[in-house]
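This report describes a predicted model.

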Amino acid sequence: MSIRLGGVCEPGSTRVNKTGGWRTFRPVYDYDKCIKCKLCELLCPDMSVLEWENGYFQFDYDFCKGCGICANECPKNAISMVLEEK
Amino acid sequence: MAVIRDLNKDKMDVVEGSYAVAHSVKVCKPNVISAYPITPQTHIVEDLSQFMADGEIPNCEYINVESEFSALSALVGSSAVGARCYSATTSQGLELMHEILFNVSGMRLPIVMTIANRAVSAPINIWNDQQDSISQRDTGWIQLYAEDLQEASDMTAQAFKIAEDKDVMLPAMACMDGFILSHVYEPMVLLEQDLVDEYLPTYAPEYTLDTKNPLTFGAFADPEIYTEFRYLQQKAMDNALPKIEEAANDFHKVFGRYYGGLVDEYETEDAEIILMAMGSVVGTIKDTIDGLRAKGVKVGLLKVRSFRPFPVEAIHNAIKNAKVVVAIDKNISLGLNEGALFTETKASLYNTNIDMPVIGRMIGHGGRDIPVSTIEKIVDEAANVMKSGISVESQYADLKEELL
């Protein structure tokens, strides 16, 4: 990759910049509680909630920054925020 | 090549400096002009507004904005879609643009602005010095300084040509001293439309914002690549050095007028004392030199047209045979007690084999008049440096001790 004048780039170019490493807390689903209401998908500011074939959702941890909005808004408390530990 | 003027009276008009610049902008066919009034720049955008009202600038949008911050921000978007963009400002207005100045340069948008140089507040002062633009020297804008109305007018077209060059693509400030140039009337030749069309190619950037072909401008750069962006901006500045010379030479070919490229020299060939300066004070210095030369004083002038990029090589070539150099500044870096031209000239000589005393004298701040006597006093001090070395490296040359 070489830098274009002024850093002009095509749409989608930030895919290479994986921001998942910024996360302190990781959202985790409890599928027994999930009612597939889609609020988490709707409210995620980073488009990191991906729809699954079975109608449930999963997180894209490459880009989820762990903001916790999904967990806060979930009407069934089906998302818990778990500390990232190595 | 010495200064070449066109003194054909049939072609000359007597106009105000602001009008001359506004006319130059008009014939450069801008697509977007943003305007916010501030003294002493206001006449420029007023005249442009009149041209717009009279239908004299086709295919152009004139945007009234609510601040200078918005004036430049509006041009960021306009320039990105491929428009030739212009605005004018000064002093506090330019300082309010500070943040956007960096954005424009980093996004490599070749916007041209006229700066009608004025002192900065506080205390509020609307008169001329060059503190406003000098304070923006690290923002990545090309800075050119004009000596008189004809040069300020002609420099506007040159600024577009340099800024929009594909090897440069940097914004440019064409600086003219507020009031001294912006409000004075002089006989001069207004730029002819057919010659400007010949001189200045249509602006055709490589990338433009376009809904049919979406691109991201001004994207994020993390530590992995930010350094390379800054390096490329500096490289563009390096590229601008020969382009500024080229723009002046091409201008001479088309219009027959010439004021120097990066620098211009006056009576420097055998000069023991060389004064360096930028802007309208150059005229006063030339007059002073004429008087002193008649008395046998070997004094010359190095006029610096381009402050950014800083023309190190051209300056060295001009001063290398002098015995003492004086940099004259209409600005001060508070805390260092030096003007920028002095600091940078002095710094550029370190690590070279050019060895001579360089002193700095600051004059004309906040519009203080610069009579020939002030310049003569500075030349006297320079003569003393030749005899007995430097006593005071940098100071105000026109300080009123009685007020302190």
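## Interface between chains B and A

Chain B and chain A bury about 1300 Å² between them, with carbon and sulfur atoms giving 72% of this area; buried area is the accessible area (1.4 Å probe) that two parts lose on being put together, summed over both. Of the area that chain B buries against chain A, B:Tyr207, B:Thr216 and B:Phe229 supply 34%, more than any other three residues. In terms of contact (heavy atoms within 4.5 Å), 17 residues of chain B meet eleven residues of chain A.

No salt bridges are found across this interface, the rule being a side-chain nitrogen of Lys or Arg within 4 Å of a carboxyl oxygen of Asp or Glu.

## Sheet of chain B

Chain B holds an open sheet of seven strands in the order S3-S2-S4-S5-S7-S6-S12, with mixed pairing. Strands are DSSP runs (E, at least two residues), numbered from the N terminus, and two of them pair if DSSP finds at least two bridges between them. Strands S3 (61–64) and S12 (306–308) of chain B each have a single partner strand, so one side of each is left without a neighbour in the sheet.

Strand S2 (residues 32–35) of chain B pairs with S3(B) in the parallel sense over four bridges. B:Ser34 has B:Ile63 in S3(B) as its bridge partner.

## Basis of the values

Residues are numbered from 1 along each chain as its sequence is written, while chains are lettered from A and ligands numbered from 1 in the order in which they are written. Local features need pLDDT of at least 70, side-chain atom pairs count only at pLDDT 80 or more, and totals for chains, interfaces and linings use all residues; side-chain values use heavy atoms, leaving out hydrogens and water.
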